[in-house]
Amino acid sequence: MAWNSRVAKVAPFRVMHLLEMAQAREAAGHDVIHLEVGEPDFPTPEPVIAAGQEALAQGRTRYTPAAGLPALREAIARHYAEHFGAAVDPSRIIVTPGASGALLLASQLLVEAGDRVLMADPNYPCNRHFMALAGAEVGAVSVGRDSGWQLNGALVAEHWRPETRLAMLASPSNPTGHTLDAAALAGAVAERGGTLLVDEIYQGLNYDEAPLSALSLSNDAFVVNSFSKYFGMTGWRLGWLVAPEAAIEPLTRLAQNVFLAAPTPSQHAALAAFTPECREILEARRQTLKARRDVLLQGLARLGLAPDVPPQGAFYLWLDISRYSRDSQAFCQRLLEEESVAITPGVDFAVRGGEHHVRIAFTNDVARLEEAVERIARFVSRL
Ligand SMILES: Cc1ncc(COP(=O)(O)O)c(C=O)c1O
């Protein structure tokens, strides 16, 4: 049987193979330090768990409206007003199964065969795949120190073509942790009649400056977000999409058809994520992550491996390993086999340059991160 040819464009996550190997080593009794998976190591905050349990106890397990619980859409709108100075009407918010659900809706609405989408390279690989599944071509624009590891107005001007419809970015980015100058980018995209899609899933995990949202600049941008990262709710599968008013009717139709509604108990639980009690927990976690980032940066600087500019957000470091290796997969595999440290090869994220980059997730406590740096130091001293 012949499969849909678009599926052939969806590459597997190479890190999953590495994760399997790491788990096998652990099962064999090795002390593996996991820095490979993009998931916070904190549990879901207690107030959210309690609200989820209460929702289940009260039998809140039936479908919600396709766009989500009205109370949750209102709570998200208040969150934008309070923390980002953005006036977002709740009717412009669609609650989805994770940011992934939002990316599916946005990609299906915004592009089709023959369209081209500009993205930064490196980038979260699923973004490329969502666009490929919608039939669009991806123009992966190499970014680096000069452009702040993001697309900027000059790069948009250089790479925009007549068939380009969309610029799609994550800010803070996975895998670099760098944030976007959304104002400059929104202008350059709007001038060309294009659309801006910003994935703000790591919003709130900002360490040096107050977090921003593209929504405080433009009502025309499509913005993806999630309860997965800042709110520590990966497995609850809950996110949202903010879209211009005119797009809400077709997006709701799509949501009705592709997933009916986001998980109901998760939506009730998420209402507690915006309470002051929960915010206090989340902000303390942000400080913990900042301290971890700084410990790793210091340790890696001694090995000549620290990134040229410290990441402003998310929980990743994107490291150039070219002084030690030009085969990131082999580097990560040997590091795991010889020192039991699991990190991700850059080839998962970058169309170009991935073979001499790796991503480290600081999803472990400071003592484990220090131990990881010691092990990496020992490993590279043998290369
Ligand atoms: C940039 C980015 N967007 C979207 C997602 C998907 O997240 P969710 O769990 O909300 O579906 C991830 C997950 O790692 C991510 O890094």
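User: Which residue in strand 8 does V223 stand opposite?
Analyst: In this predicted model, strand 7 is joined to strand 8 (residues 239-242) by 4 bridges, and these two strands run antiparallel. Within that pairing, the residue in strand 8 that stands opposite V223 is V242.

User: Which residue stands opposite V223 in strand 7, where strand 6 is joined to strand 7?
Analyst: Strand 6 (residues 195-199) and strand 7 run parallel, and 3 bridges join them. The residue that stands opposite V223 in strand 7 is V198.

User: Why is strand 7 described as largely enclosed by the rest of the structure?
Analyst: In a regular strand the side chains alternate between the two faces of the sheet. Along strand 7, F222, V224 and S226 point one way, while V223 and N225 point the other way, and all of them are buried. Strand 7 (residues 222-226) is therefore largely enclosed by the rest of the structure, because the number of its residues that are buried is 5 of the 5.

User: How much of the area that the ligand exposes when taken alone does the protein bury?
Analyst: The ligand sits in the largest pocket, and 13 residues surround it, with A99, S100, D199, S226 and K229 being the closest. An N or O atom in the side chain of K229 is 2.7 Å from an oxygen atom of the ligand. Taken alone, the ligand exposes 400 Å², and the share of this that the protein buries is 91%.

User: What is the distance from a nitrogen atom of the ligand to an N or O atom in the side chain of D199?
Analyst: D199 is one of the closest of the residues that surround the ligand. For an N or O atom in the side chain of D199, the distance to a nitrogen atom of the ligand is 2.6 Å.

User: Which helix gives the most to the shell around the ligand?
Analyst: A99 and S100 are among the closest residues to the ligand. With 4 residues in the shell around the ligand, the element that gives the most is helix 4 (residues 98-110).

User: Is R237 buried or partly exposed, and what is its relative accessible area?
Analyst: Most residues other than glycine have a negative phi, and most peptide bonds are trans. R237, however, has a positive phi near 50° although it is a residue other than glycine, and its place is in the loop between strand 7 and strand 8. R237 is partly exposed, and its relative accessible area is 34%.

How values were computed. Residues numbered from 1 in each chain as written. Predicted model: local features only at pLDDT ≥ 70, side-chain atom pairs only at ≥ 80, totals over all residues. Heavy atoms only, no water. Buried < 20%, exposed > 50% of the residue type's maximum accessible area, 1.4 Å probe, protein only. Pairing = 2+ DSSP bridges. Near = heavy atom within 4 Å. Polar contact = N/O pair within 3.5 Å; in protein donor to acceptor, adjacent residues only side chain to side chain. Areas by Shrake-Rupley, 256 points an atom, 1.4 Å probe, with all protein chains shown as cover. 1 Å grid on protein atoms, 1.4 Å probe; cavity = no way out; pocket = protein on both sides within 12 Å on 5 of 7 lines; lining within 4 Å. Sits in = over half its atoms within 2 Å of the grid points.
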